[in-house]
Amino acid sequence: MKIAFISSSNYKGGADLSAAKIFSLLKRTKIKTKFYLRFSEITKKNYNLVGSFYINLIRSLIFLPLKKILKEKDFSLNILPSKLLLSLKKENFDIINFHWLGSETISLQEIKKIKQPIIFTLHDQWIYQGGEHYFNFEKKKRNLIFKFINKYLKSLKIEILKNNNVFFVCPSKWMKKELKKNKYISEDRIEIIPYPINRKIFKPISQIKSKKFFKIHTKKKIGLFITATKIDDKRKGFDLLKNSLDLLGKNYLELLVVSSKNSNLDLKQKVHLKNFMKSEIQISKLINCSDFLLFPSRADNLPNVVLESLSCYKPVVAFDVGGLRDVIKHKFNGYLAKPFDIADFCKGIDFVSNNSKKLSKNISNDHNFKEYVDQNGITEKYLKFFQKINKHYESKSS
């Protein structure tokens, strides 16, 4: 069996990093795999860059003016032709596994032409929406241009998704529920497979040593906010966290803020600012500096940082959105606040801060969670899904 993995990059965001992790696990098995990317920080065997860096950069930036007109940051059209389809045809793959396809990785028209079985691993809602990666979580009024483009893109996607050669991996139960709202997608085409976590890296380590490594000196409780994007990314909800923290006293806790671009945060509490690091070892150390994770996202699927924090036995305060309730058990390993009630989020911070040791112990004894993110188990689930699809198509062609 020969599988193609396709994603915009293997390093830029949570979806791309997840795709790279899944690919690395499957590469160790007997199946043949190749990874097609537009951007990569590393060159490895079985990693195939499509197009030159500068052409790919132009492709990813070309629609920025249109996104500004649409007033939508997380929006992908996928209408530019690419060389990717030719590369896939040459290799004669048994299954094509698509991951995050932003930055014009491949066009929708090209995806329509693929005859082999296709699997979409759904890191967000893009493949069954118009151009949005998350469905209007801000409940914004849309202009006529947006509505026209969105309707056109959705019509293209419906043509793709109705085909019997299209299957789906949903990392969360929530994603599966949202996907099934599309009545032309049947249950037997969907598999729930969460993200794998390397528990040799993401595990409890000395908080004292972790603080010392990052030169953080305090005896107060530390809440961690971490994002691979900018601090003002509306979806990540730092503004909601700020409003929640304003309800707490100045000396209640200290905040460790990690993002791709830091600025003056204007908070009452003392803040330790760090730049986002791609190294899993560094991220694990940052998580272990803290007493708990603060995750105020407005929309999310199954965020890696939540899984990583729980793997380090750090409880999580979050709004009850997306797939978070798959892993956060209210008042057992964290706190799920009512969306987007800042007073309830503040209550969650207070609860987790006062019960962090008890919650950490609960996480350490939660064998279901350890099994849930187990790398071997997730590899096995992917292999079984690939084999099931391949067997189905072999029997059809014979």
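The dialogue below takes up the sheet, the cores, a charged residue and the backbone.

Mentor: This is a predicted model, in which local features need pLDDT of at least 70 and side-chain atom pairs count only at pLDDT 80 or more, while totals for chains, interfaces and linings use all residues. Residues are numbered from 1 along each chain as its sequence is written, and side-chain values use heavy atoms, with hydrogens and water left out.

Trainee: In what order do the 7 strands of the open sheet lie?

Mentor: Strands (E, at least two residues) and helices (H or I, at least four) are DSSP runs, numbered from the N terminus. Two strands pair if DSSP finds at least two bridges between them. Here the order is S3-S2-S1-S4-S5-S6-S7, with parallel pairing. Strand S3 (47–49) and strand S7 (190–192) are the edges, each pairing on one side only. Strand S1 (residues 2–6) pairs with strand S4 (residues 95–98) over 4 bridges, and isoleucine 6 stands opposite phenylalanine 98 in S4.

Trainee: Which residues of the largest nonpolar core touch the most other members?

Mentor: A nonpolar core is a set of buried Ala, Val, Leu, Ile, Met, Phe, Trp, Tyr and Cys residues joined through side-chain atoms within 4.5 Å. Buried means under 20% relative accessible area, exposed over 50%, and partly exposed in between (1.4 Å probe, protein chains only). In this core of 80 residues, they are Phe238, Val306, Ile349 and Phe386. Helix H15 (residues 375–397) contributes the most, with 7 residues. Apart from this core lies another, of 43 residues, including Leu70 and Phe120.

Trainee: How far is aspartate 16 from the nearest side chain of opposite charge?

Mentor: Lys and Arg count as positive and Asp and Glu as negative; His and the chain ends are not counted. A salt bridge is a side-chain nitrogen of Lys or Arg within 4 Å of a carboxyl oxygen of Asp or Glu. Aspartate 16, in helix H1 (residues 14–27), is buried yet has no salt bridge, and lysine 12 is 7.1 Å away.

Trainee: Where does a cis peptide bond occur?

Mentor: Most peptide bonds are trans, and most residues other than glycine have a negative phi. Here a cis bond joins proline 339 and phenylalanine 340, with omega about -15°. Phenylalanine 340 lies in the loop between strand S13 (334–337) and helix H12 (342–354). As for phi, asparagine 78 has a positive value, near 55°. Asparagine 78 is buried, with a relative accessible area of 1%.
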